[in-house]
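Welcome! Take a moment to look over the sequence and the model before reading on.

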Amino acid sequence: MRRGLPALLGLLVLQFACRAQVQAPGADVLLITVDTLRPDYIHAYGFPLEITPSMDALAARGVLFENAIAAATLTAPAHASIMTSRYVREHSVGSRNGDTRLEGLPTLAEHFAEAGYETAAFISNVVLRRRMGLDRGFETYDDELPAQEQNRDRYFERFAEATARRALAWLGGRSPGKPIFLWLHLQDPHGPYTPPPGWSGKVDRVPLKLQSDLVVLSENFGRAGIPFYQALGEMRDPALYAARYAEEIQYADHWAGQVISAVEKRSGERGSVILLTADHGESLGENGWFFQHGQSTSPELARVPFIVAAPGLVPGRIAGPVSHVDIAPTLLALAGLPGLPGASGRPLRAQLRGEEVPEDRLIFCDTDGESAAYGSGAWTRIAGSDLSDRADGPGRPTQSETARLGAGGEWRPAELDSRAFRGLVDYLERRVPRVLAGPMAPEHIEELRALGYEAPLESDIEGREPSTDPGS
Ligand SMILES: [Zn+2]
């Protein structure tokens, strides 16, 4: 016993040291969200081609979460959940995309700003503009969107190089004394899949299950065809669309890497905490849906990459489910700051030391008319036409089902998971009233007109039904 005691004490000290190390008070913090990025198109997640060296390098020295679940399969609600650590039914954006506003909850950026961090965001998608309320807590919120992709007459975005260069310029102007919280949002993998010159043609074909040519739909939404805005000239082969999608990811990865390097160089001994994720995935033929998102909570839309690198963590992989709502608590905990009050997520400290997620954890994912609970290897959803997140009630579910992940990676119908179903019914009772974003700022209307486009009318925004256009 006597001889064993010092060894035991040594082990305890070592354990304590390990635990204490997964924290970096005063570290620089970089959050990267890549729009519409499926994890299975990242090499570190199993994509056969090495198109993502920056993300792979991050994963090699960080913790990769194999089953991270988006809070929503649409851009604005997913980002609102990332910034507040609340699920979609708990914030004022709800599952609407681009016409509701985040209000009334403390945000991740506010907490960093209050703690003395310099805060900045560089975004690339029109539904993240400052009128959506995601700018709160950011001293700099750069939402200039000068680019327009083909087939889109009203959506504006910014390509990765332009967004990243703005972020790099901002980084270059910071004094070394104060820590930073930087949010970089890159839009490129979002359709239409049009990589810029120099990036197109790098990937030959990415075979999908369906090998025959597709038709082009007359709408921007629908099954068994290419949504109108996604059509690339005369191209109809789905494998070529998947290749262009992969090239957009390769392009975004390059510019994400530039910003990661610049943050790390600046941080030096203070260290940096870096978290990379996506807002949602993309359907590439699953259930007959092509090149769309937002239509369901299904796994190809809900699964997102989630990679964390920070001083002192134990590099590895975690299989259990985690959520967008864990991002804010995790970043704050790593920076040694208190969490957001009332948060639905949890700091993933134990997972950054290699501990698995508790087996019984349920994670929620929403889109308009559908809510889901993800547990370990199971997806349970409740859907119904009157299940929209209206202020007047959760509606009556018309369909509920469970699918389980098979050994071959396929989701198969299974007996309804009663625990997940009960959890979901309880979740449907959480309903924060939606807040409409209101009319566009005059300068944005002028900006649209200057570019030769018709600006949306106020009545368009105020009276509009929840968007079914997954294109934003
Ligand atoms: Zn998105």
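## About the model

This is a predicted model, in which local features need pLDDT of at least 70 and side-chain atom pairs count only at pLDDT 80 or more, while totals for chains, interfaces and linings use all residues. Residues are numbered from 1 along each chain as its sequence is written, and side-chain values use heavy atoms, with hydrogens and water left out.

## Helix H6 and its partners

Let us start with helix H6 (residues 238-267) and helix H5 (residues 160-172), whose axes come within 9 Å and cross at roughly 5°. H5 and H6 are therefore roughly parallel to each other. The contact involves, among others, Ala160, Ala164 and Leu168 of H5 and Tyr251, Trp255 and Val259 of H6. Its residues divide into 11 nonpolar, 1 polar and 3 charged. Here helices (H or I, at least four residues) and strands (E, at least two) are DSSP runs, numbered from the N terminus. Axes are lines fitted to C-alpha atoms, for helices over the stretch in contact, and angles run from 0 to 180 degrees between N-to-C directions. Angles under 35 degrees count as roughly parallel, over 145 as roughly antiparallel, 65 to 115 as roughly perpendicular and the rest as oblique. Contact means heavy atoms within 4.5 Å. Ala, Val, Leu, Ile, Met, Phe, Trp, Tyr, Cys and Pro count as nonpolar, Asp, Glu, Lys and Arg as charged, and the others, Gly among them, as polar.

Helix H2 (residues 53-61) also meets H6: their axes come within 7 Å and cross at roughly 50°. H2 and H6 are therefore oblique to each other. Pro53, Ser54, Met55, Leu58 and Arg61 of H2 make the contact with Asp253, His254, Gly257, Ile260 and Glu264 of H6. This set divides into 4 nonpolar, 3 polar and 3 charged residues.

Next, find strand E15 (residues 370-375), where 6 of the 6 residues are buried (under 20% relative accessible area; exposed is over 50% and partly exposed in between, with a 1.4 Å probe and protein chains only). Both faces are covered, with Glu370, Ala372 and Tyr374 on one side and Ser371, Ala373 and Gly375 on the other.

E15 pairs in the antiparallel sense with strand E14 (residues 363-367) over 5 bridges, and with strand E16 (residues 378-383) over 6 bridges. Two strands pair if DSSP finds at least two bridges between them. Ile363 has Tyr374 of E15 as its bridge partner, and Gly375 has Ala378 of E16. The hairpin of E14 and E15 has 2 residues between the strands, and Gly369 in the turn has a positive phi of about 85°. The hairpin of E15 and E16 also has 2 residues between its strands, with Gly377 at a positive phi near 70°.

## Two loop residues

Is His280 buried or exposed? At 0% relative accessibility, His280 counts as buried. His280 lies in the loop between strand E7 (272-278) and strand E8 (283-284). Its side chain makes a polar contact with the side chain of Asp35 at 3.4 Å, and a polar contact of 3.4 Å joins the side chains of His280 and Thr75. A polar contact is a pair of N or O atoms within 3.5 Å; within protein, one must be able to donate a hydrogen and the other to accept it, and residues adjacent in sequence count only if both atoms are side-chain atoms.

Gln230 sits in the loop between strand E6 (180-186) and H6. Gln230 counts as buried at 0% relative accessibility, and its side chain reaches the backbone oxygen of Phe291 at 3.0 Å.
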